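Subject: Structure handover

Hello,

Here is the structure for you to look over. My notes come after it.

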Amino acid sequence: MRINVVTIFPDFFAAPLALSIPARAAAAGRVEYRIVDLRDYTHDRHRTVDDYPYGGGAGMVMKPEPFFEAVDALAPQGPVVLMSARGRRFVQRDAVRFAAMPELTILCGHYKDVDQRVADHLATEELSLGDFVLTGGEPAALAIIDATVRLLPGAMSDHESAFGDSFWDRGLSAPSYTRPPDYRGHTVPDVLLSGDHGKIAKWRISEGEWLTRERDRRAQGDPESSGM
């Protein structure tokens with residue numbers, strides 16, 4: 001798989017992509033990262049990527065030309081994703097979809113906004129991590145890369161563990177415990193120590209379903225929902 005990232009801060013990605021699963025997947029030849037400096041596609045001596053908004057108002061807007069030219073040069077085969085607070089929320093099924101594709105291109109905005117023509121006529125979709133605003137699209141792009149790359153065959157040493165993650169064809173996963181069985185009086189549920197794999201599987205399904213219901217109730221502001 002090839003992942004392209006268009007950004008004005010290419011150094012932002014150097015350390016994270018050199019660590020853990022993203023780095024191991026690249027070393028194994030499962031993924032190639034191309035980090036593109038948006039300023040390389042400007043044509044003035046100041047390498048300008050932003051300008052004042054039409055109609056007035058505070059903040060600066062990123063210009064369309066550098067984005068279009070950068071994507072033209074990449075000639076990507078696959079989704080072109082603009083990270084945007086207006087975008088649909090990124091979910092696990094998006095990571096699964098991206099991991100099955102040969103190429104993914106992510107456009108990182110900055111400043112106040114990105115010219116809407118990038119969203120309308122260049123990006124194939126707009127995605128967001130949630131209802132909050134980041135300084136730029138770079139942290140969101142890293143989250144999408146990590147969620148996608150870990151699903152590639154051979155990226156994880158224990159790929160089966162990905163199938164037990166939250167949101168894999170279901171809601172939240174059950175809580176996890178490890179040694180010691182009793183720490184400061186806080187004990188592991190007896191069923192997990194029973195050795196009865198049938199009961200353990202049922203417990204995990206039941207706990208995951210309960211946690212998912214509780215999360216949904218809290219999200220809806222249900223006063224009867226208990227805190228955790």
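Below is what I found, from the overall layout down to single side chains.

First, the ground rules. This is a predicted model, in which local features need pLDDT of at least 70, side-chain atom pairs count only at pLDDT 80 or more, and totals for chains, interfaces and linings use all residues. Residues are numbered from 1 along each chain as its sequence is written, and side-chain values use heavy atoms, with hydrogens and water left out.

**Overall**

The protein chain has six helices and ten strands. Helices (H or I, at least four residues) and strands (E, at least two) are DSSP runs, numbered from the N terminus. The C-alpha trace spans about 70 × 45 × 30 Å along its principal axes. Of the 228 residues, 40% count as buried. Buried means under 20% relative accessible area, exposed means over 50%, and partly exposed is in between (1.4 Å probe, protein chains only). Residues 24 or more positions apart account for 73% of the contacts with a separation of 6 or more. Contact means heavy atoms within 4.5 Å.

**Cores**

The largest nonpolar core has 29 residues, and Ile3, Ile144, Ile145 and Val149 touch the most other members. A nonpolar core is a set of buried Ala, Val, Leu, Ile, Met, Phe, Trp, Tyr and Cys residues joined through side-chain atoms within 4.5 Å. Helix H5 gives the most to this core, with seven residues. Ile144 touches Met83, Phe90, Phe98, Leu104, Ile106 and Leu127, not counting residues up to four places away in sequence. A second, separate core of 18 residues includes Val6, Val36, Val49 and Val71.

**Trp203**

Trp203 sits in helix H6 (residues 197–219). Trp203 is buried, at 17% relative accessible area. Leaving aside neighbours within four places in sequence, its contacts are Ala174, Pro175, Tyr177, Pro189, Val191 and Leu192. Pro189 is 14 residues from Trp203 in sequence and 9.9 Å away in space, C-alpha to C-alpha.

Three strands form an open sheet in the order S3-S4-S7, with mixed pairing. Two strands pair if DSSP finds at least two bridges between them. S3 (50–51) and S7 (113–114) are the edge strands; each has a single partner strand, so one side of each is left without a neighbour in the sheet. S3 and S4 (residues 61–62) run antiparallel and are joined by two bridges. Asp51 stands opposite Val61 in S4.

**Salt bridges**

How many salt bridges does the structure hold? There are 14 salt bridges. Each is a side-chain nitrogen of Lys or Arg within 4 Å of a carboxyl oxygen of Asp or Glu.

- Glu32 and Arg2 meet at 3.2 Å, N to O. Glu32 lies in strand S2 (residues 32–37) and Arg2 in strand S1, so the pair ties together parts 30 residues apart in sequence. Glu32 is partly exposed at 37%, and Arg2 is partly exposed at 29%.
- Arg47 pairs with Asp40, with the closest N and O atoms 2.6 Å apart. Arg47 is partly exposed at 32%, and so is Asp40 at 49%.
- Glu125 pairs with Arg88, with the closest N and O atoms 3.7 Å apart. Glu125 lies in strand S8 and Arg88 in strand S5, so the pair ties together parts 37 residues apart in sequence. Glu125 is buried at 17%, whereas Arg88 is partly exposed at 39%. Salt bridges that share partners join Arg88, Asp94, Arg97 and Glu125 into one network.

Best wishes
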